[in-house]
Amino acid sequence: MPPQRVPPRRPGHQAPDTTLPLFDEAPSGLPLPLRPEVSVPCSAAFDNQDWRFTVDWDGMRAMLVVGAADESRLVDELGGDAGSSFPEILAAAAPLSGRTAVLDGVVAALDGDGRPDLAALCARLGPGLPSSAGQAAVYLATDLLHLDGAPLVAWPLDRRHQALAALLAPQARLQVPGWVSGHGRAFCEAAAERGLPAVLARLGDSPYRPAMASPERLRIALEERADAVVVGVVAAVPPSRQRRRPPIAALLLAEQVDGHLVDAGRVGAGLSQATEGWLWSLADTLTVLRPAVSSDAGAGEPVVWLRPALVATVRHHGRDAAGRLRMPSVVALRRDRDPARCVRRAPVPPPAETPVTGGFRPTVLHTLPFDAG
């Protein structure tokens, strides 16, 4: 792909605060952003020369923190240390020895065709879940936030991407996904044909906005999905001393609206026996007496209420008049997502279209090469 033009900064942009607070146990006192930048849902694909399009990779959002003397850490969006779950990614960062950096990206488990497999990834994160033997993970670096002692969050995205590509040599476990300038409609069509769930659009001259839902970072859904907090487990029969862990009939879901959890509907569980066992074990540590949502959800049913800590990624078929998810089905149950990020947001309209001339217009999307050996 030819080098991309770095557009000038738009007037009126205010540079964000580049002071990155110290993480308590970061190697060599490396800085970390408080929280990753968040995308905003967008209602439709669009063409615009100033925007960059890439796959919104299905996986665990994480910061890869690389220190001097081969010190590295993988930090999930809750601030937890995920390195022990993915030692192959920390090993891949070793060639950066002598440099310090903070990368934003996604940990994904890729199938043989280079497509992300979220269920396989979450099986590695949930002890007791059915394992995905032999399916190693890859870190897909999508941004560079700090390099050799200097914060880069005020740089335009295009400049950060150029620095990121120059920093990382291609390898199986640590990759920099490609992106396309301008041709958003064609990119979304190609991604949909590959069965990918979403495309990410980012403005080429935008700074990085830690902990913010940035209007310059748009997620274009190719299938209906949502992240919802699991606030209750509905048992098929009331739990008893003889049967503490009965089959699970449904999970009760909630989403954040104006800072409060509201009813997002229920998902008929359909979980494997191993997954139900893991979920009941987790419930032992999360059970609360009162529901986290104010609704009649679960009324008259044997419900074990949970404090908001577990997130379900679900497919759905739109929403009812109250905003609840219609006919959701579980894609993955996960502890790596921040429940505070399960926000119900109406999609924003796409930016105004501009003529797109030249450049690469995707008609077939080839996902990442991945050597599982």
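Strand S13 (residues 248–257) pairs with strand S14 (residues 260–268) in the antiparallel sense over eight bridges; two strands count as paired if DSSP finds at least two bridges between them. The model is predicted, so local features need pLDDT of at least 70 and side-chain atom pairs count only at pLDDT 80 or more, while totals for chains, interfaces and linings use all residues. Residues are numbered from 1 along each chain as its sequence is written, and side-chain values use heavy atoms, with hydrogens and water left out.

The secondary structure of the protein chain comes to five helices and 16 strands. Helices (H or I, at least four residues) and strands (E, at least two) are DSSP runs, numbered from the N terminus. Of the 373 residues of the protein chain, 52% count as buried, where buried means under 20% relative accessible area, exposed over 50% and partly exposed in between (1.4 Å probe, protein chains only). Among contacts (heavy atoms within 4.5 Å) between residues at least 6 apart in sequence, 74% join residues at least 24 apart.

**The antiparallel sheet**

- Five strands form an open sheet in the order S14-S13-S12-S15-S16, with antiparallel pairing.
- S14 and strand S16 (329–334) are the edge strands, each with a single partner strand, so one side of each has no neighbour in the sheet.
- From one strand to the next, the twist averages 45°; axes are lines fitted to C-alpha atoms, for helices over the stretch in contact, and angles run from 0 to 180 degrees between N-to-C directions.
- S13 and S14 form a hairpin with two residues between them, and aspartate 258 in the turn has a positive phi of about 55°.
- Alanine 254 has aspartate 263 in S14 as its bridge partner.

**Strand S12 and its neighbours**

- S12 (residues 225–235) is mostly covered, with 10 of its 11 residues buried.
- With S13, S12 pairs in the antiparallel sense over six bridges.
- Within S13, leucine 252 stands opposite glycine 232, and leucine 253 is the bridge partner of valine 230.
- S12 also pairs with S15 in the antiparallel sense, over nine bridges; arginine 225 has arginine 315 in S15 as its bridge partner.

**Helices on the antiparallel sheet**

- Helix H2 (residues 118–125) lies across S12, strand S15 (303–315) and S16, and runs at about 35° to S16.
- Helix H5 (residues 273–286) packs on the sheet and touches S12, S13, S15 and S16, its direction making about 135° with that of S15.

**The mixed sheet**

- An open sheet of five strands has the order S1-S11-S10-S2-S9, and its pairing is mixed.
- At the edges stand S1 and strand S9 (180–181), each with a single partner strand, so one side of each is left without a neighbour in the sheet.
- S1 and S11 run parallel and are joined by four bridges; cysteine 42 stands opposite isoleucine 220 in S11.
- Helix H4 (residues 184–193) lies across S2, S9, S10 and S11, running at about 5° to S2.
- Helix H3 lies across S2 and S10, at about 110° to S10.
- Buried residues of H3 (residues 157–167) include Leu157, Arg160, His161 and Leu164, and their cover includes S2, S5, strand S6 (137–147) and strand S10 (198–203).

**The largest pocket**

- The largest pocket holds about 1100 Å³ of space. On a 1 Å grid over the protein atoms alone, a pocket is an open set of points where a 1.4 Å probe fits, with protein on both sides within 12 Å along at least five of seven lines. Grid points are joined across faces, edges and corners, and the volume is the space filled by probe spheres set on the points.
- The lining (residues with an atom within 4 Å of a point) has 43 residues, of which Ser39, Asp56, Arg219, Arg225 and Asp227 are the closest to the pocket centre.
- Strands that each supply at least two lining residues include S1 (38–42), S2 (51–55), S11 (213–221) and S12; S1 gives the most, with five residues.
- By class, the lining has 17 nonpolar, nine polar and 17 charged residues. Ala, Val, Leu, Ile, Met, Phe, Trp, Tyr, Cys and Pro count as nonpolar, Asp, Glu, Lys and Arg as charged, and the others, Gly among them, as polar.

**Threonine 354**

- Threonine 354 lies in the segment after S16 and counts as partly exposed because its relative accessibility is 28%.
- Phenylalanine 46 is 308 residues from threonine 354 in sequence, yet their C-alpha atoms are 9.0 Å apart in space.
- Not counting residues up to four places away in sequence, threonine 354 touches Asp47, Asn48 and Gln49.
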